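Please look at the sequence and the 3D structure shown below. The paragraphs that follow go through them part by part.

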Amino acid sequence: MSSPTPFPILIPRASVHARIGELARALASEYAKDPPCVIAVLEGARTFAEHLTKLLPGRPDYHAVRASSYGDGMVSSGRVAIASGVPPVQDRRVLLLEDIVDTGRTIDKLRTWLLTHGAKDVKVAALLSKPSRRVVDVELDWVGFEIPDEFVIGFGMDAAGKYRELPDVAIYKEQAQASS
Ligand code: IMP
């Protein structure tokens with residue numbers, strides 16, 4: 001089937017869905033005895049969180065936290081602000097869901113914040129990781145796909161607020177946008 005977008009597809013939707021199924025099985029096993037407080041980093045991780053939590057035992061709700069280092073641009077500002085939405089985590093295990101880990105600053109900041117607010121344990125499941133871009137050495141417990149240093153869109157991820165709704169993970173190219 002042809003792509004509905006002018007952007008080159010990096011990971012087709014079928015592969016994304018299959019990998020989320022694998023991640024869900026690993027998470028179900030990890031948290032069988034002590035279900036975690038699930039926190040998704042908005043806006044980008046919403047689609048990942050929706051798909052993943054549906055596959056977890058008991059279909060848990062997730063809390064949505066806003067943290068931003070990108071704003072409307074595509075270059076990390078280097079500062080991460082936790083804007084809103086962090087639930088009480090005292091003595092809870094926490095599962096952080098992230099769409100993509102780039103410099104690692106967002107996850108590092110959130111993990112530190114949660115641990116200082118009493119979380120028993122904080123683990124991270126990221127749909128995508130760009131290891132070559134890392135600035136902070138963060139430990140990721142589950143990664144869907146490691147990708148090269150490309151700016152990606154789709155499956156919840158945006159370029160300045162656009163293209164989140166694309167069903168595949170695609171590489172953002174300004175030229176493709178201009179000719180679309
Ligand atoms: P980090 O703090 O540098 O790891 O950035 C993580 C956040 O940056 C993610 O939650 C995304 O919102 C955003 N981000 C990083 N790389 C991309 C990308 O390629 N496409 C879309 N968003 C990205």
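How far from an oxygen atom of the ligand does a backbone N or O atom of G104 lie? The distance is 2.9 Å. The cut-off for a polar contact is a pair of N or O atoms within 3.5 Å; within protein, one must be able to donate a hydrogen and the other to accept it, and residues adjacent in sequence count only if both atoms are side-chain atoms. The protein covers 92% of the 490 Å² of accessible area that the ligand has on its own. Such areas come from the Shrake-Rupley method with a 1.4 Å probe, and for residues only the protein chains shown count as cover.

This is a predicted model, in which local features need pLDDT of at least 70 and side-chain atom pairs count only at pLDDT 80 or more, while totals for chains, interfaces and linings use all residues. Residues are numbered from 1 along each chain as its sequence is written, and side-chain values use heavy atoms, with hydrogens and water left out.

Two further polar contacts involve side chains. In T103, an N or O atom of the side chain is 2.4 Å from an oxygen atom of the ligand. For D99, a polar side-chain atom lies 2.9 Å from a ligand oxygen atom. In total, 16 residues surround the ligand, and D102, T103, G104, T106 and V152 are the closest; a residue counts as near if one of its heavy atoms lies within 4 Å of the molecule. This shell divides into five nonpolar, four polar and seven charged residues. Here Ala, Val, Leu, Ile, Met, Phe, Trp, Tyr, Cys and Pro are nonpolar, Asp, Glu, Lys and Arg are charged, and the others, Gly among them, are polar. Strand β5 gives the most to the shell, with four residues.

Now take the chain as a whole. It has four helices and nine strands, where helices (H or I, at least four residues) and strands (E, at least two) are DSSP runs numbered from the N terminus. From the N terminus on, their order is β-α-β-α-β-β-β-α-β-β-β-β-α. Of the 180 residues, 46% count as buried; buried means under 20% relative accessible area, exposed over 50%, and partly exposed in between, with a 1.4 Å probe and protein chains only.

Two residues illustrate these classes. D168, in the loop between β8 (152-153) and β9 (169-171), has a relative accessible area of 5%, so D168 is buried. Leaving out residues up to four places away in sequence, D168 touches I9, I11, P12, R13, I153, G154 and F155, a contact being heavy atoms within 4.5 Å. T116 lies in helix α3 and counts as exposed because its relative accessibility is 61%. The side chain of T116 reaches the backbone oxygen of W113 at 2.9 Å.

The whole structure holds five aromatic pairs; rings of Phe, Tyr and Trp (its six-membered ring) pair if their centres lie within 6.5 Å, and planes under 30 degrees apart count as stacked, over 60 as edge-to-face and the rest as tilted. Why is the pair of F7 and Y163 edge-to-face? The ring centres of F7 and Y163 are 4.8 Å apart and the planes stand at 70 degrees, so the pair falls in that class. F7 belongs to the segment before β1 (9-11) and Y163 to the loop between β8 and β9, 156 residues apart. Both F7 and Y163 are buried. Together with F151 and Y172, they form one aromatic cluster.
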